[in-house]
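Please report on the model shown here.

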Amino acid sequence: MNTATATDRPFDAEVGRLLDLVVHSLYSEREIFLRELVANAADATDRRRFLALSDESLALPEGAAIRISIDKPARTITIADDGIGMTAEDLASHLGTIARSGTRAFTASLAEAKPEDRPNLVGQFGVGFYSAFMVADRVEVTSRRAGTDAAHKWSSEGTGGYRIEAATRETPGTDIVLHVKSDADEFLEPVRLETILRKWADHISVPVEIERDGKFQKANEGTALWRRRKADIAEKDYTDFYRHLGHMFDEPWATIHWSAEGTVEFSALLFIPGRSPFPVTEDDRESHVRLHVKRMFITDDAKLLPTWLRFVEGVVDTEDLPLNVSREMLQSTPVLARIRKALVNRVLGELKTRAKEAETYRGFIEQHGPMLKEGIYDDADHRNEIAALARFRSTHGEELTSLDDYVTRMQEGQKDIYYITGEDPARLAASPQIEGLRAKGYEVLLLSDQIDFFWPERLGTYEGHKLVHVGQARDMFDVAETPEPLKALIDALKSALGEQVGEVRASTRLTDSPAALAAGEAQPDLALQRLLRRAGRPSFAPPPALELNPAHRLIEGLVSRAAAGEAMDDWAALLLDLARIQDGESPVDPARFARLVADRMAGNPA
């Protein structure tokens, strides 16, 4: 190319349409321009560093960096690097990618592509540079290839074409000058650019500096910790990065750092926090592990982990995606699907290993156990694995138990795993509903997290044993034949209580309590019904059954009273309220309940 004079080159007819698509359809945030240009500068620097391995004359200068300066009066932003640089031919080729690739077929395919497909299509041609025209009405690129003395300038207004002309640059590298549009004043503030860099490029390996008061100050960390060898990283480095990443103050409970090779290559640095992180919003249930491409931050909304692992913090970095990947593409690309699968398996593997340390694992369960159990409900592929990792309180003792340990303690002839749900483990342990099971020596899981109301039915069985709510374990406690005197009491109580109960029946489930409430067969248990009511979602279940303990002194006394023809209205109300209180409910009529109790304490049964 003859570079003695300026060379003007027109864009092809399709370029105007291409630029419009890139600027207005590809990027959703104007600030992305800085990420794209800094990424290009970092790549140029890395290329020079690589080539210098075989040609020492190309070595980077001491203090090589990407330097950003602002000239407010001139309304310009300059991004300078010490990278490999470009010749005149390179400028035409690299920055004229759209012009070179702007065939009618390519233009048509881009224009007709679905929005989620455009970034992948455009990304193949490396046009991230053109995001500069979102904030600039003119762009000038002055570059000198390392190993040469000549420099050239490429300039364009992003419309009809571009110009390449001879220029001067004292050292190899590239200067990009953006002439900022009138509606982009925010980008003429150093603090704004520094904020963008902290967000999008905090951990690229090349130092990025911003000029302030005539001095260049570092604006990024400049080290991709996740790309370094584990042997070269101290625990303090991990902890500092963990605290910076999640704005936490504690120590990570677990650190998972590895590089995957094979079909998809990526580096991952994940942390399981020592404390459960606060959600961004009350209903925020999404994972916010950060996705990086070639060390550049892309998004924390790629849903790299399922919701039941949303407590995990960290970074995933891959070379197998374009920098301008769209949100739609993130949801559909097989690359991300394979990364997600690998991440879940790795976290599960870490938890399986750490679960062997009962004391430390208990701390994990106390902080993250409820979220982990969401996976039993949500994740069909890993349901049994997650169930094995969950831990529960039970009637066996103070220590948390696993389902595997429960199974090893099952009584001879016991086929099912029994559980009870509610809001307070201590209250559940004293519930009349488990009295009969305890009498048989059967262990009962005490489930008190909200998710516990839902996952057991979804899991169904564990190691061939059915999970059964104690309220549904009726068959082993039914009274085979109700004696006539007891039947008379049951009829009297049913008549007195009317529609407040669905049924009154005798049961051997109770050993210490006179009566208890039980949900109807195939109906949600009573604790779940209360939870649904508080959430404004009534279950419309029929009234509960009132179960009686025929061997209790109170019931024996009531049998005699009923046989003597005594009215049962007050006794029935008192018995029902006692059962309600034991089940965590309040009497429907507290004043009447208090009066009835006072009367009987005073020895007046009427």
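## Salt bridges

E140 is buried at 15% relative accessible area (buried means under 20%, exposed over 50%, partly exposed in between, with a 1.4 Å probe and protein chains only). E140 forms a salt bridge with R138, and their closest N and O atoms are 3.2 Å apart (a salt bridge is a side-chain nitrogen of Lys or Arg within 4 Å of a carboxyl oxygen of Asp or Glu). R138 is partly exposed, at 26%. This is a predicted model: local features need pLDDT of at least 70, side-chain atom pairs count only at pLDDT 80 or more, and totals for chains, interfaces and linings use all residues. Residues are numbered from 1 along each chain as its sequence is written, and side-chain values use heavy atoms, with hydrogens and water left out.

R198 and E194 form another salt bridge, with the closest N and O atoms 4.0 Å apart. The two residues are four apart in helix α7 (residues 190-200), so about one helical turn separates them. Helices (H or I, at least four residues) and strands (E, at least two) are DSSP runs, numbered from the N terminus. R198 is partly exposed at 34%, and E194 is partly exposed at 21%. D232 forms a salt bridge with R229, at 3.1 Å between the closest N and O atoms. Here D232 is partly exposed at 43%, while R229 is exposed at 55%. The whole structure holds 46 salt bridges.

Strand β23 (residues 545-548) is covered on both faces. A545 and E547 are buried on one side, L546 and L548 on the other. In a regular strand the side chains alternate between the two faces of the sheet.

β23 pairs in the parallel sense with β21 (residues 503-506), over four bridges (two strands pair if DSSP finds at least two bridges between them). R505 stands opposite E547 in this pairing. R505 and E547 also belong to a network of salt bridges with R474, E503 and R509. Strand β22 (residues 515-518) runs antiparallel to β23, joined by four bridges. A515 has L548 as its bridge partner in β23.

## A five-stranded sheet

Five strands form an open sheet in the order β10-β11-β14-β12-β13, with mixed pairing. β10 (252-260) and β13 (296-299) stand at the edges with a single partner strand each, so one side of each has no neighbour in the sheet. Neighbouring strands are turned by 20° against each other on average, direction ignored.

β12 (residues 290-293) and β13 pair antiparallel over three bridges. L291 has T299 as its bridge partner in β13. Helix α10 (residues 334-354) lies across β10, β11 (266-273) and β14 (313-318), at about 135° to β10. Axes are lines fitted to C-alpha atoms, for helices over the stretch in contact, and angles run from 0 to 180 degrees between N-to-C directions.

## V468 in strand β20

V468 lies in strand β20 (residues 465-469). V468 is buried, at 10% relative accessible area. Leaving out residues up to four places away in sequence, V468 touches D416, I417, Y418, Y419 and A473 (contact means heavy atoms within 4.5 Å). V468 and I420 are 48 residues apart in sequence, yet 8.7 Å apart C-alpha to C-alpha.

## Whole protein

The protein has 21 helices and 23 strands. Of its 606 residues, 51% are buried. Among contacts with a separation of 6 or more, 68% join residues 24 or more positions apart.
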